[in-house]
Amino acid sequence: MGWRIFAAAVLGEAHATVYLTPEGRACLRAQQGAELLCEVFVQRVEDVALEAAFSPLPQPLYTALMESLARRSANG
């Protein structure tokens, strides 16, 4: 099985996506237009929020991503 999208947020040209890898890790990748804002790999999807908090994501995109993660986590 390939990478799966766990949560995502889009605001205009900016987007952030949390992927689950086949190895069981999580990847946070964010871009604004063609500019890569961050790409980090963590052991657990729960660690994505901490990485996002210290990343250069614009505040509105960060907030939208946290809301998406909360909805996805609540729905299992």
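Predicted model: local features only at pLDDT ≥ 70, side-chain atom pairs only at ≥ 80, totals over all residues.
Trainee: What makes Cys38 buried or exposed?

Mentor: The relative accessible area of Cys38 is 9%, which again has to be set against the limit of under 20%, and therefore Cys38 is called buried.

Trainee: How do you know whether the sulfur of Cys27 is bonded to that of Cys38 or too far for a bond?

Mentor: The closest cysteine sulfur to that of Cys27 belongs to Cys38 and lies 8.4 Å away, whereas a disulfide requires the two sulfur atoms to be within 2.5 Å, so the pair is too far apart for a bond. A search of the whole structure accordingly returns zero disulfides.

Trainee: What makes strands E3 and E4 a pair?

Mentor: Pairing needs at least two bridges, and seven bridges join E3, residues 26-32, to E4, residues 35-42, with the two strands running antiparallel. Together they form a hairpin with two residues between them, where Gly33 in the turn has a positive phi of about 65°, and Gln32 stands opposite Glu35 of E4.

Trainee: How do you know that the span of helix H2 agrees with what it should be?

Mentor: Helix H2 covers residues 59-74, and at 1.5 Å a residue its 16 residues should span 22 Å; the C-alpha atoms at its ends are 22 Å apart, so the two values agree.

Trainee: Which residues of H2 are buried, and what do they pack against?

Mentor: The buried residues include Leu61, Ala64, Leu65, Met66, Ser68 and Leu69, and the buried residues of H2 pack against strands E1, E2, E3 and E4 as well as helix H1.

Note on methods
Residues numbered from 1 in each chain as written. Heavy atoms only, no water. Helix = DSSP H or I, 4+ residues; strand = E, 2+ residues; numbered from the N terminus. Expected span 1.5 Å × (residues − 1). Buried < 20%, exposed > 50% of the residue type's maximum accessible area, 1.4 Å probe, protein only. Contact = heavy atoms within 4.5 Å.
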